[in-house]
Amino acid sequence: RNYFPCRAQPKKKKKVDVRREQAQKDRMKKKIKKLEKAAPEMIPIEDFITPLKYSDNSRVRSLPPLSFEETERRVLLMKKWCLFKQKQDKAEKEAIQTLVAAQQEALKELRLESEELYQAAIRRDEGLFPYEKEGPTYTPPLPGYDPPEGKCVDVTKVYTQ
Amino acid sequence: IELEKSQYSDHEIRKLQEEEQLRKRKESGYDDQDEAPGKMVIMAQDLEDKWEQKLLQFKAAPRITDADKNNNRMSLNRKLDSNLMLLVKQKIGNQQLWLLPQVEWQPGETLRGTAERAMAMFLGDHIQAKVLGNAPYGIYKYKYPQAIRTEDTVGAKIFFFKAFLQRSDLSQAELKEDHLWVTKDELGDYLKSEYLKKVNRFLLD
């Protein structure tokens, strides 16, 4: 109970506090090191996990079985589709080949003309990629169309490792 | 709607449940109707009807525009499902020919610079077009007729470059000469056979 400024007591308090604080810091650092040493958690891919509410059986549809004609029709359609796609793919590849051949020819001719222009042509075009373009829509845009107003809230979950 | 490989969705379950409840109510003889009139104000079936109505009211723009019907080849609004190429009528020698826009190369310019100059000349300065790469896509060479040949120049080589138009509003551009926007099939109507053969090689539809 003395109110005189005493030196001994305040000093002790400081030391004890400092030591306690240091001990706390060390403990925290040890915990952090342990957490860092443990392997980082995998980020779950939400598309591959079916939520439990869909594994209920009450949601299964009851449809009539497919008729024989239907299965036949589907098989034949699949075959025609395969053929169509094969031809389309082949045509695309041939088109690409002619494209490349025409370009090679053009470059050869350019080389014969002037070496300088040829070198300028071969150089990589930096501004080309990334190339962004909006693709065509099924119907052209309506002139004077007023889209309905609304706010879009993004609820995707973001995971940090 | 995909029926075979899918299960009932929330909306469909709600619809089924509400139908069940309606049926039960009718069978039990309209006893509980007064109790909960405020609860089921909106039913799933009503929602579906509302959506159907909205769809019927919406009318999309037609895919075949007026320019298609009139076969007006000068506008860009035709043939919205295929690519269009620009053709210009130019004077070569003493003939007026339909060609892809071409401009003579000035020494000191790269080929791509020439292509961009040609675009600026025919479509106006503020055109937003992206030239794809520095290298030419095709070449057409021809010999001058005997009258014009000098010692150095025997003929000419025309290098072709491809560019995509970013915006389709050409209102600012003044196209002095006759110009056309044509698809690949219609190119044959206007270009000469040799020229056409070489050009067709690098144009994809």
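Begin by selecting B:Arg112 and B:Glu116, which both belong to helix H4 of chain B and stand four residues apart, about one turn of the helix. This is a predicted model. The two side chains form a salt bridge, with an N to O distance of 3.4 Å. Colour the pair by accessibility: B:Arg112 is buried, at 17% relative accessible area, whereas B:Glu116 is partly exposed, at 37%.

A network of salt bridges may be displayed next. Select A:Glu70, A:Arg73, A:Arg74 and B:Glu4, which are joined into one network by salt bridges that share partners.

**Helix H1 of chain B**

Move to helix H1 and select B:Arg14 together with B:Glu18. Their salt bridge brings the closest N and O atoms to 3.2 Å. About one helical turn separates the two residues, because they are four residues apart in helix H1 of chain B. B:Arg14 is partly exposed, its relative accessible area being 32%; B:Glu18, at 9%, counts as buried.

Now select B:Lys15 and B:Glu48, whose side chains meet in a salt bridge of 3.1 Å, N to O. B:Lys15 lies in helix H1 and B:Glu48 in helix H2 (residues 44-57) of chain B, so this pair ties together parts that are 33 residues apart in sequence. B:Glu48 counts as partly exposed, with 27% relative accessibility.

**The interface with chain A**

Show both chains and select the residues in contact: 43 in chain B and 39 in chain A. Among the residues of chain B, select B:Gln7, B:Tyr8 and B:Arg201; these supply 18% of the area that chain B buries against chain A, more than any other three residues. Between them, the two chains bury about 3,500 Å², of which 56% is on carbon and sulfur atoms.

Which elements of chain B each supply at least two residues of the side that touches chain A? They are helix H1 (10-28), helix H4 (111-123), strand E3 (129-131), strand E4 (138-143), strand E5 (155-160) and helix H6 (193-202). Coloured by class, this side of chain B has 21 nonpolar, eight polar and 14 charged residues.

Finally, display the polar links across the interface. Eight salt bridges are found between chain B and chain A, and 13 residue pairs are in polar contact there. Over all chains, the whole structure has 19 salt bridges.

How values were computed: Residues numbered from 1 in each chain as written. Chains lettered and ligands numbered in written order. Predicted model: local features only at pLDDT ≥ 70, side-chain atom pairs only at ≥ 80, totals over all residues. Heavy atoms only, no water. Contact = heavy atoms within 4.5 Å. Buried area = accessible area lost by both parts, 1.4 Å probe. Salt bridge = Lys/Arg side-chain N within 4 Å of Asp/Glu carboxyl O. Polar contact = N/O pair within 3.5 Å; in protein donor to acceptor, adjacent residues only side chain to side chain. Nonpolar A, V, L, I, M, F, W, Y, C, P; charged D, E, K, R; others polar. Buried < 20%, exposed > 50% of the residue type's maximum accessible area, 1.4 Å probe, protein only.
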